[in-house]
Amino acid sequence: MDLRGKTLNASGFHTPERGTIDALDDVLIEIDADGAIAALHRHGDPNYRSIRDAREASGELVTLPAGSYILPGFVDLHVHAPQYPQLGDALDVPLEVWLQKYTFPLEARYRDIAFARHVYGLLVEDLIANGTTTALYFATIHQDATRVLVDICLEKGQRALIGKVAMDNADECPDYYRDRSAQEALDDTRALIDYVRGHPDNREARVLPVVTPRFIPSCTDATLEGLGEIARECGCHVQTHCSESDWAHGYVLARHGMTDTDSLDRFGLLGRKTVLAHANFLTAKDMETVQAREAAVAHCPLSNAYFANAVFPLRAALEKGLHVGLGTDISGGPSASMLENARGAILVSRMLQSGVDPALAPAARSGSGAAQIDFRDAFYIATSGGGLALDLPVGQFTPSYQFDAVLIDATAEKGTVRLFDDRDEGEGILQKIIYTASKPNIAATWIGGRKV
Ligand SMILES: [Zn+2]
């Protein structure tokens with residue numbers, strides 16, 4: 001049901017502050033005509049009963065069934081839309097081989113608009129069904145196919161940030177798949193920004209354009225410099241890969257004599273609206289720089305297990321106060337589900353803390369000190385942390401934020417959550433949802449109050 005202009009009576013959870021779960025027990029959420037949260041009334045607030053009665057009398061009250069819980073919709077900070085056909089495939093080689101052997105040939109196919117329409121339609125529907133209400137997308141170098149992705153997100157109602165990928169370095173990109181020149185990479189980036197901002201169906205700015213240098217190895221300095229100028233002029237978001245693997249990190253050190261972070265900063269590509277995918281090999285100084293610029297990291301735990309040669313020190317970054325959200329990195333990570341990636345984030349954090357080589361004694365085995373996170377942090381980076389990273393009012397049920405939400409049906413027969421009345425309560429229910437929920441438990445998804 002469309003919840004714009006309605007008052008929702010529901011229970012659920014959100015985490016506006018990292019480390020603390022706010023359990024919403026039988027609350028009233030007033031949603032305005034534009035899909036934003038106007039007010040939240042808790043059981044026991046002095047006017048709770050009168051508001052509830054008034055909304056019920058006027059037919060504006062929507063009550064969700066017992067055993068169902070609302071969560072903020074998931075914010076996926078790193079998706080390669082064109083790679084969806086190889087989700088769960090091509091995970092056998094290192095990053096630099098993977099790009100040339102599997103990924104560039106697949107992405108090159110998006111010169112075909114019909115192919116793009118088919119894949120992108122399926123992807124956006126699947127992500128919505130998985131509860132992803134906001135997605136930060138890399139498209140391909142192709143102007144027309146990228147416009148198709150914009151159209152599809154608008155049509156299906158997903159909040160999306162979309163970039164035409166810029167990649168023009170002939171040394172690292174194949175002839176059959178690269179921008180012909182820096183000029184072309186920049187012109188096409190501007191053309192996509194204009195298309196998104198001028199789209200007749202995008203007056204609410206639900207889709208936003210993103211300046212998208214693939215990563216430093218695939219771009220010439222002229223392109224990086226030009227993209228920095230565009231980002232400054234247009235005030236757009238920026239996304240790129242940063243210090244992902246040994247090879248990628250080493251490549252930039254060799255070419256620019258500095259880390260990815262310093263190099264991006266030098267080109268004006270590191271700001272409040274920048275999202276750095278992976279960022280596994282940030283030095284302590286890099287972390288200072290990322291924090292000073294208020295840029296964000298997209299942590300992609302599943303992908304990192306295959307392509308990064310390391311685990312991102314998530315807890316250290318969160319404790320330092322960096323903006324961090326969660327990404328699936330479709331298809332570097334083999335799951336489109338943010339819940340599975342949230343579980344992945346917990347799992348790898350524990351392995352980072354304990355170390356993994358059983359041949360070593362425990363003290364020698366443990367790696368980086370306190371690295372372990374729990375379901376609270378995983379839930380935070382999947383929701384609030386992602387909203388904060390993007391500087392968008394999403395990821396929590398707070399007045400003035402958008403009502404982007406998923407409805408978890410913990411009683412779904414084909415689902416994987418099993419609650420027991422005599423033992424499960426409070427945030428323990430959320431813990432079970434984070435650890436065990438799957439697609440059959442996602443009963444509904446709302447974006448801006450609209451059921452999608
Ligand atoms: Zn990526």
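**View 1. Salt bridges link domain 1 and domain 2**. In this predicted model, the count between the two domains is four salt bridges, meaning a side-chain nitrogen of Lys or Arg within 4 Å of a carboxyl oxygen of Asp or Glu. Take Arg159 and Asp404: their side chains meet in a salt bridge at 2.8 Å, N to O. Residues are numbered from 1 along each chain as its sequence is written; local features need pLDDT of at least 70, side-chain atom pairs count only at pLDDT 80 or more, and totals for chains, interfaces and linings use all residues, while side-chain values use heavy atoms, with hydrogens and water left out.

**View 2. The two domains of the protein chain**. Here's who's who: domain 1 is 7-71 + 397-451, and domain 2 is 74-390, with bounds from an automatic or database domain assignment. Their C-alpha centres lie 30 Å apart.

**View 3. Where domain 1 touches domain 2**. Here 28 residues of domain 1 are in contact (heavy atoms within 4.5 Å) with 25 residues of domain 2. On the domain 1 side, 14 of the touching residues are nonpolar, eight polar and six charged.

**View 4. Area buried between the domains**. About 2400 Å² is buried between domain 1 and domain 2 (accessible area, 1.4 Å probe, lost on putting the two parts together, summed over both), and carbon and sulfur atoms give 62% of that. In domain 1, Arg18, Ile434 and Ile447 lose the most area to domain 2, together 31% of what that side buries.

Note on methods
Ala, Val, Leu, Ile, Met, Phe, Trp, Tyr, Cys and Pro count as nonpolar, Asp, Glu, Lys and Arg as charged, and the others, Gly among them, as polar.
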